[in-house]
Amino acid sequence: MLEPSIIKDKEVEYLINDVYEMYGYDFSGYSRASFKRRVNRICLLDRFTSFAELRYTIMNDAEYLKRFVEEVTVNVTEMFRDPSFFKALREKILPQLGTYPLIRIWIAGCSTGEEAYSIAILLKEAGLYHKSLIYGTDLNPAVLETARAGVFPLQQMKLYSENYMLSGGKSDFSDYYTANYDSVKFDKSLQEKLILSTHNLVSDSSFNSFQLIICRNVLIYFDRDLQERVFSLFDNSLENLGFLALGAKETLRFSTIEKNYHQVEDQKIWKKLDHH
């Protein structure tokens, strides 16, 4: 087994470079400490005896690369995560978006889709779903398959239901899914307005204009420069008076676009100022 501290910084750079040159996945902007921790974890999980063995496998086995990308871009998500955030969306943001004829929402780094389904439920309950489009994007095609299927473990539903209630939900949460043995399938109607596709925040450009962009707990893995690049991508993709929502440990403060935004409430939501 590989001792975690043995991976040298230089080796991490080689690996990042290899993966980019061969497959086009760019991890160069990832925080090195976080990336290294993930690589160590993979070596332990998959029982590599040396870093060279891991690197060799990645370079020679495109199937294994998929697993590597999945582990490195680890996807921890739940429905209505941080219920107070969803409550703020429900009470403060959606009423403002309701004035538009068409509401376009981008969930960047949507992972397995829990957040996208949560937003669909909010829009339904606000009576805005019929005129909304939710774009869910992620770097990792495997997690998007899960999102497309809309099937999640039954054991999560107790937590999701509690989160939903705390976010101001008034219905019976179980109305939104059908249970089947140890999993549940979310209602097809929650996918009608959901467009899922791969998008790389690091290298891909803007693909539409939005009134709300949600990107929570993705940027914590990026270094400063990469965060700046992603912020300017979001800024280019957001309409004037649109909203940008970040994760609990993320902020627009100290960023170059900060001056164009003001923070809404005590939540991690910023409104883009009108520049005319």
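Modeller: Let me start with what pairing requires: two strands pair if DSSP finds at least two bridges between them. This is a predicted model, and in it strand S1 and strand S2 (residues 132-138) are joined by 6 bridges and run parallel, so with at least two bridges required they count as paired. Ile-105, for instance, stands opposite Ile-134 in S2.

Colleague: Which other strand does S1 run parallel to, and by how many bridges is it joined?

Modeller: S1 is also joined to S7, by 3 bridges, and the two run parallel. Within that pairing, the bridge partner of Trp-106 is Ile-213 in S7.

Colleague: Why is S1 called largely enclosed?

Modeller: Buried means under 20% relative accessible area, and 6 of the 6 residues of S1 are buried, so the strand is largely enclosed by the rest of the structure. Ile-103, Ile-105 and Ile-107 point one way, while Arg-104, Trp-106 and Ala-108 point the other way, and all are buried.

Colleague: How do you know that Trp-106 is buried, and is Phe-207 buried or partly exposed?

Modeller: Trp-106 has 0% relative accessibility and therefore counts as buried, the limit being under 20%. Phe-207 has a relative accessible area of 33% and is partly exposed, because that class lies between the 20% limit and the 50% limit.

Colleague: How many aromatic pairs are there in the model?

Modeller: The count comes to 24 aromatic pairs. Among them is that of Trp-106 and Phe-207, whose centres are 4.9 Å apart and whose planes are at 75°; centres must lie within 6.5 Å and planes over 60 degrees apart count as edge-to-face, so this pair is edge-to-face. Trp-106 lies in strand S1 (residues 103-108) and Phe-207 in the loop between strand S6 (194-198) and strand S7 (210-215), so the pair ties together parts that are 101 residues apart in sequence.

Colleague: Why is the pair of Tyr-164 and Tyr-176 called edge-to-face?

Modeller: The ring centres of Tyr-164 and Tyr-176 are 6.3 Å apart and the planes stand at 70°, so the pair is edge-to-face. Tyr-164 lies in helix H8 (residues 157-166) and Tyr-176 in the loop between H8 and strand S4 (177-180), so parts 12 residues apart in sequence are tied together. Both tyrosines, Tyr-164 and Tyr-176, are buried, and both belong to one aromatic cluster whose members also include Phe-85 and Phe-152.

Colleague: What sits over the ring of Phe-85?

Modeller: The charged end of Arg-216 sits over that ring, 4.0 Å from its centre, where the distance limit is within 6 Å.

Colleague: What makes S3 and S4 edge strands?

Modeller: They belong to an open sheet of 3 strands in the order S3-S5-S4, with antiparallel pairing, and strand S3 (151-153) and S4 each pair on one side only.

Definitions and conventions: Residues are numbered from 1 along each chain as its sequence is written. This is a predicted model: local features need pLDDT of at least 70, side-chain atom pairs count only at pLDDT 80 or more; totals for chains, interfaces and linings use all residues. Side-chain values use heavy atoms; hydrogens and water are left out. Rings of Phe, Tyr and Trp (its six-membered ring) pair if their centres lie within 6.5 Å; planes under 30 degrees apart count as stacked, over 60 as edge-to-face and the rest as tilted. Helices (H or I, at least four residues) and strands (E, at least two) are DSSP runs, numbered from the N terminus. Buried means under 20% relative accessible area, exposed over 50%, partly exposed in between (1.4 Å probe, protein chains only). A charge sits over a ring if NZ of Lys or CZ of Arg is within 6 Å of the ring centre and within 35 degrees of the ring normal.
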